Every structure is written in C-alpha cells, then in structure tokens.
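Take a walk through this fold, one element at a time. Keep the sequence beside you as you go.

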Amino acid sequence: MIDLRILRDNPEHVVRLLGTRNVPADEVAELLRLDTELRQALADRDQVRASVNQLSRSVGELRRTGQIEEANRAQLESRSLGERAKELEARAQLLTEARDAIWLVTPNLPSKEAPIGEDERDNRIVRYWSPSDGHRDADAFELPAFEEYQRVPHWETGADLGILDFERARKISGSMFSLFRGPGARLLRSLTSLALDMHTESFEEIRPPTLVKRETMQATGHLPKFVDEAYAIERDDLYLIPTAEVPLTSLGRNEILDEAELPLRFAAYTPCFRREAGAAGRDTRGLLRLHEFDKVELLAYCMPSQGYDLLFEVLRRAELLLQGLGLTYRVLDLCTGDLGQSSARTFDLEVYSPGTDKWLEVSSVSLFTDYQARRANIRYRASTGDVNYVYTVNGSALAWGRVVAAMLEVGRQPDGSVVLAEVLAPYFGRPTITKSVKSSAPISEEA
C-alpha cells in the first residue's frame, strides 16, 4: 500500500504520479476524503472515550464525598457519552472498510526513473543480447538469422520427439496445461537444478508451501485486485500460489528485522498457478500460456538505500541464465502505465521464439519499494533505533515454460533433434534430445 502520509502532505504530487498509471484523479481524491473522515472519526471517538474515563473517575470521587446527586448526573452523562463512543466506533469501522477497499487496489507510486507511458506500447527497449553479437543497443540490433528447421513451433518439435504431450494433458486437466515426458521432464528438472546452483551461493534456498492464506496473497497485492486470476480452495480459504513471490514475501510478515541482517536474499523453486482469465483471444498454443508452470523465483528484503542494487543484481542473474542457455533476448523498461500494481520499477526479459516469430516474456524483475512491506508489516530497526518498512525486490530466474519453448526451436536440428546448451551437460547428461520411443505413441480414444 502507498504511504498515506505522502497523500496527506502532497495530494497533487500523488494525483500526478498515479495519473501516469492511469488512476483517475477522483479515485485518489476519494481515498483522501475517506482517510480524512476516518482520522476525524477516530479523533472524536478517542476524545469521547477520554471524557467517559474522566467522568467514571469523578463518579467514584463524588460518591465518596457524599455528593450523590452530582454523582448520578455524572453517571448519566457517562452513559450517554458511552453510546456516542459506540456510534463513532461503528462509523470508524465503516470508514476503515471503505478507505481500505480503495487503498488496497491503489497501485504503487512509480519510481521517478520509470518511463512515463500509457500501456505496453510505450515500454522502452533497453538492450538486446544474442549469442553471436552479445549486448547491443536497441538501434544497433539485428535479429540473428534462423534456419527454416528452427522456425518449427515448439509444440510440433516436442510432439515429434515425444517429450511434450498436450493431448494427454488436456485429457487429464483441460486446456492450457502441459505434460512433459521422458527427456522433457528431465529437461525441466535440469533447468531448475542449474538455476538453483547459480543462485544459492548468495540466496538462501526455500521450499515454501504451495497453498497459502488469504492474508499471504494480500501482502503482495495479488488480492483483492487479481482474485479472478487466483485458484482458490474455498473450503479452507486457501489459495494456490501464482508465484513463489507470494510465500517468500510473507516470510517476515509482522516481524521487525535488524538492520545488520539486511539484505536478506531468498530463492525458491515452485509450481505456479494462474487462472489466466484475461487470456481470451491471445495465443495459448503449446507452452506460451499455461495455468500451471514451473519457476525459480528470487526475492530480497533490503533497506531503501539497497533497493536498486538488488534490483539490478536480480536482473543480472536472470540475464546470465539466458546467456548461458544461448537464447536471444531483450530487456524492457516498463512504462508507468504497464507496471504491475505493486511495482515502482520493472524490467521484463523477453526471449525470441523463431518458431512463433514472437518475443516471449520469461522474467519480470521488480522493485516494490515499501508497498508490499506495508501490507505485510515487515519492518527493520535501524542502528539509530528508528523502525522503518523494508523494501522488497523480486524477479523470476527463470520461468521455464517459454524458456523451454525457445530452446526447442533455437536448438532444433535438420533431423528434428534438439541440441542443448553446454551449461546443462552436468544436469541433463547428454548434449542432445532425440526421439523418445517410449513416449512417442499418439493418444487413441476408445470408442
């Protein structure tokens, strides 16, 4: 949540910043109005309560001194004020609910470094990278030449090799699910082991629960705004995590950390679940858009002065993985109108898929400032004794579905086999994926 003190002190500044995120000015004004009325109601309630306490003390004193009539009048006044305090408490509760309903879905204030723009068309391409040319500025980049056999979509290559079985995935779970077989399943496991080994010398490995409480989802901003995209277990009021960011953020919920501990770095491999309610009309073939996928996530708690260092550290780690896998990619600096709700600054990594001729997002690396920490109540005690909210930083390194899609296309050979990057050799055990006889049989439906 945004710091309401900033809104109170400089509402015009907040209206301007949130306006770059397509938040209407009247919505911000309504949040300020409700906050102002709530603060007044709480002040009135506290004042009435203080009067009640004072009268209660005076009743006893008046009775001890024999002033019975005065004591009775004071007691009647105390009861009347007590009813008023209850009314003010009820009003404060209603105002709190109304204010929080807006506050919880109000997006973070964007960083001053974030490009200003309306939507994804205004995102800024920072740089490209390809195995042949290395880093290139946007105006100096040329897409590498790909052979025709590399421009076969991954879902065809995966089916031919017997490592992707979308028909049986559909039979088991429905559309937009995947099923990896044989070397395909081993490839996922190899990528995960590679990523964790690269990160966990600096990031503590965590295996968090996959089901989390409602307040855990609220802490990151996934609830209430994205409730339609969440998979809920209604009987238990639990949610399947859309990303390991959700449980990792709540590791320190309601805790006060010591400044000397920061930054704290965490890495986690988990499955991720997203309903993708807004995917209608988009390309959902193969591994491009899934309800369930595997991902390695990095997250850090830090002091404000460490925020950008951690943001670029996580971004660098994600880039090094893509470089090791030999995939052409680009880095996008998201404009204010395309930032996620909780983010102040975000960089996306997109790999080029020659089989679909698309750039596919495989990582999103974000600085959330203290937005999530306020929701989760994660603070640190500075050396001065002051207690402040931490900053959180998060990024995927990496999400495997689209990475595998690009790998199957880029690594495809004329005979239909797929050559893998050398960095995977210690994990996968051989340099090439060839047709798997055991899993190549097509599905047949009984009459």
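Two strands pair if DSSP finds at least two bridges between them. Helices (H or I, at least four residues) and strands (E, at least two) are DSSP runs, numbered from the N terminus. The model is predicted: local features need pLDDT of at least 70, side-chain atom pairs count only at pLDDT 80 or more, and totals for chains, interfaces and linings use all residues. Residues are numbered from 1 along each chain as its sequence is written, and side-chain values use heavy atoms, with hydrogens and water left out.

Start with strand S13, residues 379-381. S13 pairs with S14 in the antiparallel sense, over three bridges. Within that pairing, Tyr380 has Asn388 of S14 as its bridge partner. Both strands belong to an open sheet of three strands, ordered S7-S13-S14, with mixed pairing. At the edges lie strand S7 (256-258) and strand S14 (387-389), each of which pairs on one side only. From one strand to the next, the twist averages 35° (axes are lines fitted to C-alpha atoms, for helices over the stretch in contact, and angles run from 0 to 180 degrees between N-to-C directions).

Now move to strand S9, residues 292-302. Why is S9 described as largely enclosed by the rest of the structure? Because ten of its eleven residues are buried. Buried means under 20% relative accessible area, exposed over 50%, and partly exposed in between, with a 1.4 Å probe and protein chains only. Strand S8 (residues 264-273) pairs with S9 in the antiparallel sense over ten bridges. There, Ala268 has Glu297 of S9 as its bridge partner. S9 also pairs with strand S15 (residues 391-399), again antiparallel, over seven bridges. Ala300 stands opposite Val393 in S15.

Two cysteines deserve a look. Cys302 counts as buried because its relative accessibility is 0%. Cys272 also counts as buried, at 0% relative accessibility. Across the whole structure, a search finds zero disulfides (a disulfide is a pair of cysteine sulfur atoms within 2.5 Å).

Finish at helix H5, residues 154-161. Its buried residues are His154, Trp155, Thr157, Gly158 and Leu161. They lie on the same side of H5, because they cover an arc of only 160° around the axis. That arc is taken from the directions from the helix axis to the C-beta atoms. What do the buried residues of H5 pack against? They pack against helix H6 (166-173), helix H12 (400-410), strand S16 (418-419) and strand S17 (432-433). Contact here means heavy atoms within 4.5 Å. Just after H5, Gly162 takes a positive phi of about 75°.
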